[in-house]
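Here's a quick briefing for anyone opening this one up for the first time. Have a look at the picture, then work through the points below.

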Amino acid sequence: MTINPDSITSSSDDNNNNLRRRRGSGGGGGGGDKSVDDVTELDSSSVDASSSSDDLTSDVRDGSGNGGLDKVSEAVSTTVGKISDGDGIQEEQRKANETTPLKYVYRASAPAHRRNKESPLSSAAIFKQSHAGLLNLCIVVLIAVNSRLIIENLMKYGLLIGSGFWSSSTSVRDWPLLMCCLSLPIFPLAAFLVEKMARKKYMTEHVVVTLHIVITTASILYPVLVILRCDSAFLSGGTLMMFACIVWMKLVSYAHTNYDMRQLAKSVDEGENSEINYSYNVSFKSLAYFMVAPTLCYQLSYPRSASIRKGWLARQLIKLVIFTGLMGFIIEQYINPIVRSSQHPFEGNLLYAIERVLKLSVPILYVWLCMFYSLFHLWLNILAEILRFGDREFYKDWWNAKTIDEYWRLWNMPVHKWMVRHIYFPCLRNGIPKGVAMVISFFISAVFHELCIAVPCRLFKFWAFLGIMFQIPLVILTNFLQNKFKNSNVGNMTFWCFFCIVGQPMCVLLYYHDVMNRNGSSS
């Protein structure tokens with residue numbers, strides 16, 4: 001018979017652990033004291049047995065022959081005897097353990113069930129443990145499924161990206177849009193001149209507000225008219241409208257902030273806030289920095305970083321080129337073929353329309369995620385690094401949003417701060433209820449979403465406007481689900497379903513077929 005010396009040490013260690021687990025099992029009063037004394041005695045005897053077994057283990061390793069084996073058997077018998085006496089185990093079981101102590105360390109009489117436990121996938125325990133393995137499985141399945149889709153797409157359509165992917169002959173007609181974009185700085189310059197005259201009190205407050213309204217309105221109508229009069233590509237028109245909307249929001253912030261600073265300076269002059277040392281200044285340098293900075297909220301100074309990290313900047317530029325190319329590849333290779341082979345969502349077979357929407361949802365979701373990463377993470381951080389702009393919280397963890405309104409507060413922080421600063425809280429300060437202020441905020445957002453899509457398409461069907469306004473009942477629905485189920489996953493899944501799986505593919509199909517129908521009727 002061969003005895004493994006390491007098994008002896010393991011057995012005595014297991015016995016010591018089992019004894020320590022039983023320390024608190026004694027009753028109250030004197031019985032409890034006796035139990036503690038017994039366990040203490042047993043622990044010390046177990047330690048002695050463990051040390052003796054360690055000594056005998058070294059004897060066995062030294063090859064002490066039959067004498068060593070006899071000592072091992074004697075020590076095991078002594079150890080099992082002490083443990084059995086302390087636990088009150090039956091004499092027959094003690095004798096059985098003396099004969100085969102190493103084969104059955106996990107005793108049959110030891111309880112295998114000690115407390116109430118839930119199954120790992122039950123509702124009470126599923127969120128109390130790690131699911132890293134399941135996440136890895138999802139990643140592997142996602143890679144496998146998308147690899148199959150890529151191969152299937154290439155076999156069916158071939159490589160659709162040709163030499164005209166980055167430029168085309170129609171882009172020559174877009175030069176008026178480029179000239180319009182280069183002339184947009186005229187409006188900030190006009191706003192600066194108005195503020196300069198207001199600072200020197202050359203005009204009344206009413207005239208200043210009227211001039212700012214004229215300037216901001218012209219800054220948005222001018223690009224709209226240029227796009228509608230020119231037969232430009234959608235990408236060029238959309239880019240110009242994006243710049244125009246940004247300029248409009250910056251001008252509103254510039255005018256509103258300066259107005260507020262004038263009011264504060266006036267209150268200080270009148271002695272209403274004499275304890276505040278406030279100075280009102282109009283600086284062209286601060287306006288120029290604001291117009292190119294990655295923010296929509298004007299202030300005289302911003303937090304600045306210490307230096308420009310050139311190596312980090314180069315890496316972000318490379319990532320920007322890669323993700324921009326990836327977006328173009330997905331659009332040309334996957335989205336365009338699906339859209340061209342589809343029907344209008346509100347016409348034809350309902351099941352076919354649902355199938356097209358679901359099939360389109362995956363590539364559109366990929367494009368949307370790449371767009372978010374390219375714009376909000378890469379481009380805004382690149383711009384902030386070049387300008388040494390310090391506050392780079394351009395987004396928060398919107399992917400964990402439990403409700404729709406929480407998503408809108410997290411995913412686009414520059415616009416959210418602008419809305420809160422210049423729309424929402426001014427409404428509250430003027431006595432407007434919170435619900436109405438929220439509707440006004442969504443209304444302004446819906447108008448600009450419609451402008452950024454409908455104007456480049458030269459088609460006003462108000463699908464984007466209705467899509468944004470539909471967020472209001474979704475806010476109510478997701479808040480109700482969150483309060484009812486008290487579970488963040490219900491609201492989060494509802495957000496992903498409505499916003500990314502249904503909403504965006506539906507808008508793409510609606511605008512595409514409306515544009516195609518308009519072109520067909522005009523031709």
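Start with a charge sitting on a ring: Lys-250 lies over the face of Phe-290, at 4.5 Å from the ring centre. Arg-309 does likewise with Trp-312, and there too the distance to the ring centre is 4.5 Å. Keep in mind that this is a predicted model.

**Aromatic rings**

- Searching the whole structure turns up 27 aromatic pairs.
- Take Trp-248 and Trp-418: their ring centres are 6.0 Å apart and the planes meet at 55°, so this pair counts as tilted. The angle falls in the tilted class because stacked means planes under 30 degrees apart and edge-to-face means over 60.
- That pair ties together distant parts of the chain, with Trp-248 sitting in helix α9 (residues 234–269) and Trp-418 in helix α14 (residues 413–429), 170 residues apart.
- Are Trp-248 and Trp-418 buried or exposed? Both of them are buried.
- There's also an aromatic cluster, whose members include Trp-368, Phe-372, Phe-376, Tyr-395 and Trp-496.

**The chain as a whole**

- The protein chain has 18 helices and 0 strands.
- It runs to 523 residues, and 38% of them count as buried.
- Among the chain's contacts with a separation of 6 or more, 72% are between residues 24 or more positions apart.

**Helix α6, face by face**

- Helix α6 covers residues 175–182, and its buried residues are Pro-176, Leu-177 and Cys-180.
- Looking down the axis of α6, you'd see those buried residues fall within an arc of 100°, so they line one face of the helix.
- What does the face of α6 turned away from its buried side carry? You'll find the exposed residues Trp-175, Leu-178 and Leu-182 there.

**Cysteines**

- How many disulfides does the structure hold? The count is 0.
- Cys-457 has a relative accessible area of 12%, so it is buried. The cut-off for that label is under 20%.
- Cys-507 comes out at 26% relative accessibility and therefore counts as partly exposed.

**Two residues with positive phi**

- Lys-201 isn't a glycine, yet its phi is positive, near 60°. You'll find Lys-201 in the loop between α7 (186–199) and α8 (205–229).
- With 70% relative accessibility, Lys-201 counts as exposed.
- Arg-458 isn't a glycine either, and its phi is positive at about 55°. Its spot is the loop between α15 (434–457) and α16 (463–469).
- Arg-458 has a relative accessibility of 24%, so it counts as partly exposed.

- Where is Pro-363? It belongs to helix α12 (residues 350–387).
- At 9% relative accessibility, Pro-363 counts as buried.
- Setting aside neighbours within four places in sequence, Pro-363 is in contact with Ile-330, Tyr-334, Ile-335 and Ile-338.
- Pro-363 and Pro-505 are 142 residues apart in sequence, while their C-alpha atoms are 9.4 Å apart in space.

Methods: Residues are numbered from 1 along each chain as its sequence is written. This is a predicted model: local features need pLDDT of at least 70, side-chain atom pairs count only at pLDDT 80 or more; totals for chains, interfaces and linings use all residues. Side-chain values use heavy atoms; hydrogens and water are left out. Rings of Phe, Tyr and Trp (its six-membered ring) pair if their centres lie within 6.5 Å; planes under 30 degrees apart count as stacked, over 60 as edge-to-face and the rest as tilted. Helices (H or I, at least four residues) and strands (E, at least two) are DSSP runs, numbered from the N terminus. Buried means under 20% relative accessible area, exposed over 50%, partly exposed in between (1.4 Å probe, protein chains only). A charge sits over a ring if NZ of Lys or CZ of Arg is within 6 Å of the ring centre and within 35 degrees of the ring normal. A disulfide is a pair of cysteine sulfur atoms within 2.5 Å. Contact means heavy atoms within 4.5 Å. The arc is that of the directions from the helix axis to the C-beta atoms.
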